[in-house]
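Biologist: Thanks for sitting down with me. Could you walk me through this model and the terms behind it?

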Amino acid sequence: MSSDARPEFRRTAITDVPASRRLGAEAFGVPSTPAPDPDPAAWPLPNIRPWVATDAGEVVAGLGVRSFTSWFHGARLPTAGFAGVTVVAEHRGSGLLRPLMEAALAEARALGDVVSTLYPSSAGIYRGLGYEVVGAFEDVQIPMAALAAVPRPAEGVRARRATAADVPAVRRVYEQWASAQNGPLSRDETPFTMEADEMVGPDAEYTGVSLAVRGAGADEEVLGFASWSRGQGYDRTNTIEVDDLVALVPDAARVLWRVLASFTSVAGGVQVCTSGGWSGIDVSRLVLPDHAATSAPRPYMLRLLDVPGALGASRVAPVTARVPFAVVDPRTPDLEGAWTLEAADGAVRVSPDDAATAGDRLTFTSAGLAATWAGAQSTANARLAGGVSGPDAHDALWDALWGGRQVHVRDYF
């Protein structure tokens with residue numbers, strides 16, 4: 001850093017955009033087609049908060065915070081998704097990243113976000129800021145041979161192509177599925193909303209959206225959907241790309257896999273955007289008779305911004321529990337505190353509690369709390385990693401409250 005000025009950490013101005021783009025290209029690769037200059041009237045884009053660090057007026061670091069809601073424990077939680085975090089090569093290791101991240105995190109907390117997530121280039125960097133790996137985003141490659149053996153579904157469950165009139169039903173299927181997981185986007189905010197013109201029609205993002213349905217006419221029920229793109233090839237080197245494959249019952253998943261398998265003469269496989277890796281196989285893949293697949297998981301990290309806000313919004317198993325706990329972590333003083341969690345009838349209440357002695361409390365680091373609350377690790381495993389300490393009398397209750405939901409994430413870049 002220059003010796004005559006202190007670095008400044010602030011929201012990005014439109015005049016910073018050219019320098020920010022050069023920095024992004026340096027870190028993540030030069031795009032084949034340069035982005036057009038931003039329209040001042042439409043910048044920044046909806047639900048995006050860009051930040052920069054400057055040294056003597058020069059942009060030397062930057063990041064973007066995407067604002068959305070994501071499902072955790074049956075609740076839509078305001079989420080700050082960090083992306084594009086980069087520091088110019090000559091300033092790396094000079095201490096810019098932490099104050100830049102802390103400034104953006106403080107704003108996110110002030111705006112009401114209760115959790116923050118990101119895809120790390122290096123997990124170790126972000127563990128020092130209180131994040132922990134809780135899942136992974138994957139592009140899973142499944143050979144057509146693995147789909148050829150999918151058995152026929154029960155009679156009455158069939159496939160048909162979606163129309164614009166089906167989009168509300170597709171949204172209902174997605175919400176029913178997502179609300180039972182931890183981590184999926186709610187798709188309530190731009191640009192993640194599921195709009196009819198994006199899903200079906202001549203200008204749609206996909207070649208087709210296939211439905212799994214049961215019944216007919218007024219009694220028809222949509223049980224699942226797959227949004228897919230055909231690609232350009234006409235031989236076994238071609239891949240059918242699937243953005244979503246969501247099914248509420250096993251036979252719906254079988255129907256959709258069989259639709260994709262029908263391309264076996266003109267494609268060698270299917271690529272599905274999904275989760276797995278760190279948190280178990282995506283449930284839609286459990287109906288496949290052969291799990292032959294390859295993937296390259298991208299770890300997904302989470303930290304809490306508001307402990308009572310995140311835990312208190314949750315809908316959990318009908319467990320009656322009273323658990324004194326604390327967060328003690330000098331790396332994240334914003335999260336430190338002591339509380340008592342009380343659960344009954346599926347609801348959770350978290351109250352400040354300084355009365356319990358340290359020896360009576362479950363005590364978490366910020367990473368240990370993130371991993372156990374998200375359901376990515378048991379309390380026992382988090383203890384092995386140094387993320388939990390204190391008496392183990394409440395471990396089983398803690399796991400009963402926060403376990404049982406698969407972590408399923410999607411790319412939000």
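Biologist: Which helix holds Y174 and W177, and how many residues apart are they?

Modeller: Both lie in helix α5 (residues 167-178), three residues apart, about one turn of the helix. Helices here are DSSP runs of H or I with at least four residues, strands are E runs of at least two, and both are numbered from the N terminus. Before we go on: this is a predicted model, where local features need pLDDT of at least 70 and side-chain atom pairs count only at pLDDT 80 or more, while totals for chains, interfaces and linings use all residues. Residues are numbered from 1 along each chain as its sequence is written, and side-chain values use heavy atoms, with hydrogens and water left out.

Biologist: Why is the pair of Y174 and W177 called tilted?

Modeller: Rings of Phe, Tyr and Trp (its six-membered ring) pair if their centres lie within 6.5 Å; planes under 30 degrees apart count as stacked, over 60 as edge-to-face and the rest as tilted. For Y174 and W177 the centres are 5.7 Å apart and the planes make 50°, so the pair is tilted. The rings of F364 and W398, with centres 4.8 Å apart and planes at 35°, are therefore tilted too.

Biologist: What does the pair of F364 and W398 tie together?

Modeller: F364 is in strand β16 (residues 362-364) and W398 in helix α11 (residues 395-402), so the pair ties together parts 34 residues apart in sequence. Ring pairs also link F325, W339, F364, W398 and W402 into a cluster.

Biologist: What makes R187 a charge over the ring of Y174?

Modeller: The rule asks for NZ of Lys or CZ of Arg within 6 Å of the ring centre and within 35 degrees of the ring normal. The charged end of R187 sits over the Y174 ring, 4.2 Å from its centre. Likewise, the charged end of R298 sits over the ring of Y119, at 4.8 Å.

Biologist: Why is Q271 called buried?

Modeller: Buried means under 20% relative accessible area, exposed over 50% and partly exposed in between (1.4 Å probe, protein chains only). Q271 has 18%, so it is buried. This residue lies in strand β11 (residues 269-275).

Biologist: How do you know that the side chains of Q271 and Q141 make a polar contact?

Modeller: They come to 2.4 Å. A polar contact is a pair of N or O atoms within 3.5 Å; within protein, one must be able to donate a hydrogen and the other to accept it, and residues adjacent in sequence count only if both atoms are side-chain atoms. The pair of Q271 and Q141 therefore counts as a polar contact.
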